[in-house]
Amino acid sequence: MSDLQAQTDLFFVRRELATQEAPPAMTVGPAAWVKRNLFSTPGNSILTIIGIALIVLIVPPIINWAFINAVWTGTDRTACIAEGSGACWAFVKAEFAQFIYGRYPDAERWRVNVMFALLLLGLVPMSIPSAPFKRLNVLYLFIVFPVVSYYLLTGGFGLSVVETPLWGGLMLTVVVSYVGIVFSLPAGILLALGRRSAMPAVRFVCTAFIEIVRGIPLITVLFMSSVMLPLFLPQGVNFDKLLRALIGVALFASVYMAETVRGGMQAVPKGQYEGAKAVGLSYWPMMRLIILPQALKLVIPGIVGIFIALFKDTSLVYIIGLFDLLGIVRTNFADPNWASPETPATGLVFAAAVYWVFCFAMSRYSQYVERRLNTGRKR
């Protein structure tokens with residue numbers, strides 16, 4: 001008993017709960033956050049002070065120009081040329097319909113609205129993971145919606161014909177970017193598979209196509225598809241200018257998508273290929289069931305980055321005479337009814353805000369998908 005008592009005397013046994021103490025000073029709360037994130041080191045403190053100074057110098061004038069001194073109502077330029085006036089939002093309000101529809105006939109703009117509604121009808125359930133019928137949704141977005149929208153906008157179903165030169169504004173931006181996105185992903189996957197193919201002829205053709213197109217600026221591709229392509233076609237054969245632009249944009253985006261997908265495939269461990277072959281899977285089932293799902297999950301940021309760049313690059317169709325959102329905004333600068341010193345800046349800010357909303361939405365949704373798939377995280 002004495003030995004047991006001697007052993008227990010070596011240890012401290014708490015017989016009651018310790019009293020709760022306050023946390024150490026400056027480790028929680030707003031002040032601690034500021035110190036930890038903004039003033040943790042002398043370098044961070046200097047950068048924080050510089051950032052605050054820039055905010056004080058830049059933000060108040062922007063707020064004054066965009067909101068406080070802005071002109072919100074008016075019927076012509078006289079409302080925006082007063083001394084000290086800021087952004088001419090009355091110009092945006094007056095031309096808003098044209099910014100959305102371009103020169104699409106007023107009486108037929110309901111068709112564009114239906115097209116936007118049909119697009120949302122497919123995108124909303126597709127973006128919700130728990131929504132059922134995903135395969136039917138994909139079939140709708142990739143096949144049914146493009147065909148229905150084409151006939152709806154051009155004049156099918158017994159509707160009056162609207163020539164594509166009248167298309168413009170945000171509608172044209174959505175059409176060009178949607179076609180580019182829908183085409184570039186499957187085409188990029190096929191090109192990536194072709195570049196990694198064991199067949200030399202297939203590998204050479206895909207590699208040559210990727211390297212040639214990737215080494216040419218998009219503006220050159222658009223110019224070639226719009227101006228040079230008709231010279232190589234038989235006499236009497238001609239493609240619509242918008243169709244030529246769609247082909248050029250889609251092919252250009254597909255080569256960048258191919259390299260992104262190829263990078264994801266190379267990041268998949270070799271054991272995945274060997275395991276798929278060990279269970280008896282042939283090439284296409286192996287790619288469809290094992291390799292591509294992992295590769296595409298790894299390169300979600302790269303794929304969305306291509307989609308965002310494609311959406312912004314649609315503004316380059318202005319060079320071949322198609323007036324997307326930015327092009328139609330710039331065209332309205334020449335309207336004598338709204339010619340004022342603040343009109344160009346206001347129109348460009350409006351266009352930038354629209355582009356930012358679409359691109360930011362795509363970026364945030366990609367981050368949600370990454371979190372849901374645990375991309376880049378350890379389990």
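**Chatting about the rings and the core**

A: Let's begin with one residue in this predicted model: Phe 91 has a relative accessible area of 0%, so it counts as buried.

Q: Okay, and which helix is Phe 91 in?
A: Phe 91 sits in helix α4, which covers residues 89-101.

Q: How are the rings of Phe 91 and Phe 99 arranged?
A: Their centres are 5.8 Å apart and the planes meet at 70°, so this pair is edge-to-face. Phe 99 is buried, and so is Phe 91.

Q: What about Phe 91 and Phe 333?
A: Those ring centres lie 6.4 Å apart with the planes at 45°. An edge-to-face pair needs over 60 degrees and a stacked one under 30, so this pair is tilted.

Q: Where does Phe 333 sit in the chain?
A: Phe 333 is in the loop between α14 (325-331) and α15 (343-373). Phe 91 and Phe 333 are 242 residues apart, so the pair links distant parts of the chain.

Q: Is Phe 333 buried or exposed, or something in between?
A: Partly exposed: its relative accessible area is 21%.

Q: Which residues do the ring pairs link into a cluster here?
A: The cluster holds Phe 91, Phe 96, Phe 99, Phe 333, Trp 338 and Phe 350.

Q: And how many aromatic pairs are there?
A: The count comes to 17.

Q: New topic. How many residues are in the largest nonpolar core?
A: That core has 82 residues, and Met 115, Trp 167 and Met 265 have the most contacts inside it. Helix α7 (residues 169-195) gives the largest share, twelve residues.

Q: What does Trp 167 touch?
A: Leaving out residues up to four places away in sequence, its contacts include Tyr 104, Leu 153, Val 175 and Phe 323.

Q: How is the protein divided into domains?
A: There's domain 1 (30-68) and domain 2 (89-372). Their C-alpha centres lie 38 Å apart.

Q: Last one: what does UniProt say about residues 166-361?
A: An unreviewed UniProt entry annotates them as "domain: ABC transmembrane type-1". In the model, that stretch is 74% helix and 1% strand, with its end C-alpha atoms 28 Å apart.

Technical notes
Residues numbered from 1 in each chain as written. Predicted model: local features only at pLDDT ≥ 70, side-chain atom pairs only at ≥ 80, totals over all residues. Heavy atoms only, no water. UniProt positions renumbered as here; feature names shortened; annotations may be inferred. Helix = DSSP H or I, 4+ residues; strand = E, 2+ residues; numbered from the N terminus. Phe/Tyr/Trp six-rings, centres within 6.5 Å; stacked < 30°, edge-to-face > 60°. Buried < 20%, exposed > 50% of the residue type's maximum accessible area, 1.4 Å probe, protein only. Domains from an automatic or database assignment. Core = buried A, V, L, I, M, F, W, Y, C linked by side-chain atoms within 4.5 Å. Contact = heavy atoms within 4.5 Å.
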